[in-house]
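My entries follow in the order in which I looked things up.

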Amino acid sequence: MSPRLLPSLLREAALIHRCLPLLLPECRTIEQARQELKWLIDEFGSSINLQKACLQRNRHVPLQYILGSQPFGSLDIQCRRHVLIPRWETEEWSLNLANAIKESFVKKDKKNLQIVDLCSGTGCIPLLLINETKKLFKNNSLQVDSIDCSQMAINLTKLNFNLNFNKKSNFKNDYNISFKTHKFNILDEIKVKEFISKNLTNQKINILTCNPPYIPPSEFIKDVRSSVRMYEPKLALLGNLEFYHNLIETWIKFDLIESFVYELGDLSQVTYVQQNVPSNWITGVTYDSNSKPRCVFGYNKTAPTDYSATYKNFLNGLSYTN
Amino acid sequence: MMLRLGRIKPFLRDSTLIKTASQIHIRCQSVVSDLTTFSETSHSKELPESLIKKAQLYGKEFLDLEQKLSKGENFNVDDQKRFAKCSSVAETLKIYQDYLSELHELNEMITMDPSLKMEAEIEIQTKIPKFNEISNNLLGKLLPTHPFADKPCIIELRPGVGGVEAMIFAQDLASMYMNYANAHRWKYHIISQQLNESGSGILSSVLSIDEPGSYDRLRLEAGVHRVQRIPATETKGRTHTSTAAVVVLPKLADDSEKSTEAYERTFKPDEIRVDVKRASGKGGQHVNTTDSAVRLTHFPSGIVISMQDERSQHKNKAKAFTLLRAKLAEKEQREKEAAGIAARKEQVTTTDRSDKIRTYNYPQNRITDHRCGFTVHDIPGVMTGDKLDEIIDATRTYETDQKAKDLLIE
């Protein structure tokens, strides 16, 4: 897909560090390769492990799997194979959503919140939301549920929660926050109902977040970088409208949620959601710093909680970067 | 053969240099002191009447505060600070006046009784250095302190003219400041550093020195530093002149995300733009890029900051905002000072970043500060951070003198 690397570039890289040419196929420029080499040296020193890591990188293994982690907001999220690596776009909108929650719920009526995250993967979205908003929930309660159909993802979410919160022993005492993980397939309507009957604290879920697999199979070869294609789980990547269909036909139709934020990769997915939501729902699209459509959000204007301020903040949050 | 010569040469050069260097050093120092202070050896450095009056005001306030304290009234932190300041000024003033009256008595003695002239003069000579020290001390206390004096600082280094040699010199300066921080046991860290592609020298380096008060100590380091030496890259043994620019900024907040986030929100959306370097394509799940570079543009001031060292875009942004904050604060302070100078409507030599402030001459093993004319003949000592204090002290004394002159004009 990408043009061949010039031999002169490889030679130039080899003069700087013998491992540098190995990083070029993935990094493309010497500058970026040096940056990655620096991070790898920070992790592995200059031992034999560094060479092994660079060889892996040469075979397009994602840097996050080699180093085992990815910074996500102020959290450090552990990454393992078979679980999708958190993307910066997701980081951006999650932080934005957290700020929107902080700004609109801190001043207004104090209330208990329930947030549910679908297709959690590493658990990065719910964990970042907890970390950013935890100060609001000393008296009021926050319940966060993280749902995924992969056992490996569930294990990793638990690990990430423990590393980022449970290590600090006073987290449980200081904040009124509960975090649970659930393993089931959300496309299965019966299991969703079962989950709802057991886990609903408020009448409805306040915010539903999701980063579903949204790459249509037809784009997989054409538009997906080889590193993603070869090493990240197809389970977390391939999909088109299934999850947006599920949003409309299960979560909204059975009136389980008051608002949602779904990540997406294409405007056709926005159109699908906007055309199919009931008329009492207000929807909108946000763009990331790279000016690509990234999220579709919506809220029920007849819901007891007023979400207009929250989602106005969410929409405006990116104004610095556009 | 080459190797041996290489070993012997510097040895010879050094041993001869040490002798001459120490002689020159002494000579230069005496010249400098003649220039900067009012011929220190023979005359006492008596402070003008207006300054003494100012000091006496502090003395009065000290007495008032002391009475307040003895009554046992409420004493808050601000009062306490003020009290500490007043008491130290009053104390120094008292010692100053004691010494001054002693000197006057001795002078009188000379006119009254010529037979004692010799002894009195000897005593005056012994007393004067101590007196001048106290007088300088008092002067320092009377001058207004810099508004960011108690802040930690950020040092930014960039190579100037001179290509790779300038990059190497910038790196030398960076390590000098790190050594200096080490010597003082100050905490420091590198905020960002971009190495030269070919491996030697730096394109830019930003250090953070986390010790409170380090800004006051190091702010006079800002300016263009010039080096004269035979570069490592030179094949024909010619001496080159290169420069590197040093910018010292007050660090107003730590670069944790929490504090910068609040700061970020003080800007209007149209004042600032955050750019992230992103390749074309669909983004999102399609790619797992590791490029986390962030570029910050502040439109009203035209400041642009790029940051790419961290793996997290979020942290890069936080660091960029820390740097922006420091730059804006420093700019504002500089503008204020400039306005003050313009108000007096006269050309005053300042100790700001005018142009080249210091020369590092390696063949002569000499460092000269051009603002105060101070010279040290020990480049290795300065570069390891041990002797940098000597230069800093000299420039500070010079600045104090300059400020005192300004104060008198006012």
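**Strand β3 of chain B**

I began with β3(B), where 7 of the 8 residues are buried, so the strand is largely enclosed by the rest of the structure. I take buried as under 20% relative accessible area, exposed as over 50% and partly exposed as in between, with a 1.4 Å probe and protein chains only. Helices (H or I, at least four residues) and strands (E, at least two) are DSSP runs, numbered from the N terminus.

This is a predicted model, in which local features need pLDDT of at least 70 and side-chain atom pairs count only at pLDDT 80 or more, while totals for chains, interfaces and linings use all residues; side-chain values use heavy atoms, with hydrogens and water left out. Residues are numbered from 1 along each chain as its sequence is written, and chains are lettered from A and ligands numbered from 1 in the order in which they are written.

I then looked up the partners of β3(B), counting two strands as paired if DSSP finds at least two bridges between them. β1(B) pairs with β3(B) in the antiparallel sense over 5 bridges, and B:I155 has B:L207 as its bridge partner there. β2(B) also pairs with β3(B) in the antiparallel sense, over 7 bridges, with B:I209 as the bridge partner of B:Y188.

**The sheet**

In what order do the strands of the open sheet in chain B run? I read β2-β3-β1-β5-β4-β9-β10-β11, which makes 8 strands with mixed pairing. β2 (188-195) and β11 (374-376) of chain B are at the edges with a single partner strand each, so one side of each has no neighbour in the sheet. The average twist is 15° from one strand to the next.

β4 (223-229) and β9 (356-361) of chain B run parallel and are joined by 5 bridges. B:Q228 is opposite B:N361 in β9(B). Helix α5 (163-183) of chain B packs on the sheet, touching strands that include β1, β3 and β9, and its direction makes about 15° with that of β3(B). Axes here are lines fitted to C-alpha atoms, for helices over the stretch in contact, and angles run from 0 to 180 degrees between N-to-C directions. Contact means heavy atoms within 4.5 Å.

**Cores**

I define a nonpolar core as a set of buried Ala, Val, Leu, Ile, Met, Phe, Trp, Tyr and Cys residues joined through side-chain atoms within 4.5 Å. The largest has 38 residues, and B:I155, B:L173, B:Y177 and B:L218 have the most contacts inside it. α5(B) gives the most to this core, with 9 residues. Outside four places in sequence, B:L173 contacts B:L157, B:H225, B:A244, B:V246, B:Y360 and B:M383. A second, separate core has 37 residues, among them A:V192 and A:V285.

**Between the chains**

I counted 55 residues from chain A and 38 residues from chain B in the contact. The area buried between chain A and chain B is about 3900 Å², with 43% from carbon and sulfur atoms; this is the accessible area (1.4 Å probe) that two parts lose on being put together, summed over both. The rule finds 3 salt bridges across this interface, each a side-chain nitrogen of Lys or Arg within 4 Å of a carboxyl oxygen of Asp or Glu. A:K38 forms a salt bridge with B:D309, with the closest N and O atoms 3.5 Å apart.
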